Amino acid sequence: MAFLDLKNVIIRGISACVPSTIEENIDLVDIPTLDIDKLIKTTGVERRHIITPGTCMSDLCFAAAEKLIKELNWDKADIEGLIIVTQSPDYLVPATSPILQDRLGLSQNCFTIDISLGCSGYVYGLSTLGSYMQNGMIKKALLCVGDVSSISCSKNDKSTYPLFGDAGTVTALEYCNGAEGMKFHLSSDGSGYKSIIIPAGGHRNKITHESLKEHQLEQGICRSDVQLWLDGMDVFSFGISKAPDTVNKLLEKFDIAKESVDHFYFHQANMMMNERIRKKLKLPEEKVPYSLKNFGNTSSASIPLTMVTETAHKLRSGVNSIITCGFGVGLSWATMQCTTELLVIPDLIYYE
Amino acid sequence: MDIEKFISELADQYDDIDTSGFTSETLFKENEEWSSMTALSIIAMVDDSYSVRLTGDDIRKSQTIQDIYNIVFSKSTV
């Protein structure tokens with residue numbers, strides 16, 4: 001069972017950037033048989049910030065990184081690591097992280113890695129960057145996490161299009177000798193890889209004329225093989241069983257009292273699923289914030305985005321014990337607990 | 001597991017239609033209320049009551065309540 005206990009690494013700050021363009025779900029009238037009121041109630045998604053074509057996750061992360069570095073008062077020359085977690089990279093080749101390293105003006109003495117994970121990616125990214133830093137050779141580094149899922153969804157697919165919003169986030173980690181650090185539980189189940197998939201465009205299935213054509217799968221679900229497929233039933237069933245399970249495993253392994261945790265940040269999948277997870281874990285509403293209503297499911301960015309939009313004032317002051325839990329595409333799921341103190345959190349950035 | 005109890009638990013997931021006539025042979029997707037939301041409610045009920053993880057395929061290949069009951073039964077450890 002994959003547990004990690006990383007010492008000497010703390011989160012110093014978090015920033016988030018969303019596109020300024022807002023799409024209201026109530027205005028969606030193009031999809032046949034879509035009962036939009038019911039869908040909004042079940043998913044909890046009222047509106048989403050979506051990019052205009054051409055904008056990439058790295059553009060959102062660039063804006064978020066610049067502002068965070070400034071407010072942290074960090075010298076860019078001291079930043080020695082940059083990890084990007086995304087499933088909507090700028091290019092198929094090369095990785096996006098070296099491009100962002102250069103664009104931010106970070107030194108060449110900076111390692112960069114791309115990680116291809118979605119809903120669980122924030123927690124996995126923290127575990128990867130934390131592992132690099134825990135011995136103190138690298139003192140300051142950035143975790144850039146985000147997705148622009150809106151462009152991968154068919155506008156004629158009610159199972160994806162009204163759900164996904166776009167966002168880019170940056171989390172600053174710092175070496176801090178003696179700090180309690182971060183504790184993790186990490187899991188995978190690739191047997192469910194088809195539950196959330198873009199079937200064509202990689203090397204298994206190349207893009208062809210045929211793969212670009214949209215097909216009607218059922219009423220209200222029309223999409224091509226280069227667009228996102230989501231088996232809502234599979235994912236729902238997976239989420240309500242594995243998310244509570246991984247949180248409980250972490251609490252048990254490290255003997256953490258549930259009551260001692262101030263905030264539980266779950267991946268923002270949809271309201272029906274998230275509320276079931278909250279109730280299964282018997283968590284009070286006030287400890288489980290949601291950004292779903294105004295931002296939708298922002299894939300890998302959903303946890304840090306929720307931290308910024310829903311609880312910035314609490315995290316900026318005092319000490320908070322937090323749990324983050326991501327679950328979804330892969331299938332992959334993970335939980336992290338840490339204590340934060342006086343986080344630097346710039347106000348949400350809007351990308352024009 | 002008890003099929004009568006299961007039928008009543010499954011019927012509870014419908015709000016609008018009359019489910020008093022539900023039997024093991026009822027085609028539970030062939031009614032005007034059925035939607036993907038009903039499917040999620042049934043998946044949640046099965047998770048709650050039987051700790052069984054139904055997949056999308058399990059729902060898609062089931063026609064009658066007996067079909068879905070058999071799948072839950074085969075996956076159940078209770």
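1. A residue is called buried if 20 or more other C-beta atoms lie within 10 Å of its own, exposed if 12 or fewer do, and partly exposed in between; the C-beta atoms are placed from the backbone. By that rule, buried residues make up 23% of the 78 residues in chain B. For chain A, the buried fraction is 50% of 352 residues.

2. This is a predicted model: local features need pLDDT of at least 70, side-chain atom pairs count only at pLDDT 80 or more, and totals for chains, interfaces and linings use all residues. Residues are numbered from 1 along each chain as its sequence is written, and chains are lettered from A and ligands numbered from 1 in the order in which they are written.

3. Chain A holds eight helices and 17 strands. These elements are DSSP runs, numbered from the N terminus: helices are H or I with at least four residues, strands are E with at least two. The radius of gyration of chain A, taken over C-alpha atoms, is 19 Å, close to the 20 Å that the globule rule gives for 352 residues, so chain A is as compact as a globular protein of that length. The rule is 2.2 Å times the number of residues to the power 0.38. The C-alpha trace of chain A spans about 55 × 45 × 35 Å along its principal axes.

4. Contacts are pairs of residues whose C-beta atoms, placed from the backbone, lie within 7 Å. In chain A, 80% of the contacts between residues at least 6 apart in sequence join residues at least 24 apart. In chain B, residues 24 or more positions apart account for 56% of the contacts with a separation of 6 or more.

5. Chain A has an open, mixed sheet of five strands, ordered E1-E9-E16-E15-E14. Strands pair if DSSP finds at least two bridges between them. The edges are E1 (2-6) and E14 (263-266) of chain A, each pairing on one side only. Twist averages 15° from one strand to the next. Axes here are lines fitted to C-alpha atoms, for helices over the stretch in contact, and angles run from 0 to 180 degrees between N-to-C directions.

6. A:Phe264 stands opposite A:Ile323 in E15(A). Helix H4 (residues 121-133) of chain A packs on the sheet. H4 touches E1, E9 (182-188), E15 and E16 (332-341) of chain A, and its direction makes about 125° with that of E9(A).

7. UniProt (unreviewed entry) places the feature "domain: Beta-ketoacyl-[acyl-carrier-protein] synthase III C-terminal" at residues 251-336 of chain A. Its positions are given in the numbering used here, feature names are shortened, and annotations may be inferred rather than shown by experiment. The end C-alpha atoms of this span lie 10 Å apart, and the span is 37% helix and 22% strand.

8. Chain B has four helices and zero strands. Its radius of gyration is 11 Å, close to the 12 Å from the globule rule for 78 residues, so chain B is as compact as a globular protein of that length. Its C-alpha trace spans about 35 × 25 × 20 Å along the principal axes.

9. B:Tyr50 is found in helix H2 of chain B. With 18 C-beta neighbours inside 10 Å, B:Tyr50 counts as partly exposed.

10. The contact between the chains takes twelve residues from chain B and twelve from chain A. On the chain B side, H2 (36-50) and H3 (56-61) each supply at least two residues. The largest share, seven residues, comes from H2(B). By class, that side has seven nonpolar, three polar and two charged residues. Here Ala, Val, Leu, Ile, Met, Phe, Trp, Tyr, Cys and Pro count as nonpolar, Asp, Glu, Lys and Arg as charged, and the others, Gly among them, as polar.

Key: Contact = placed C-beta atoms within 7 Å.
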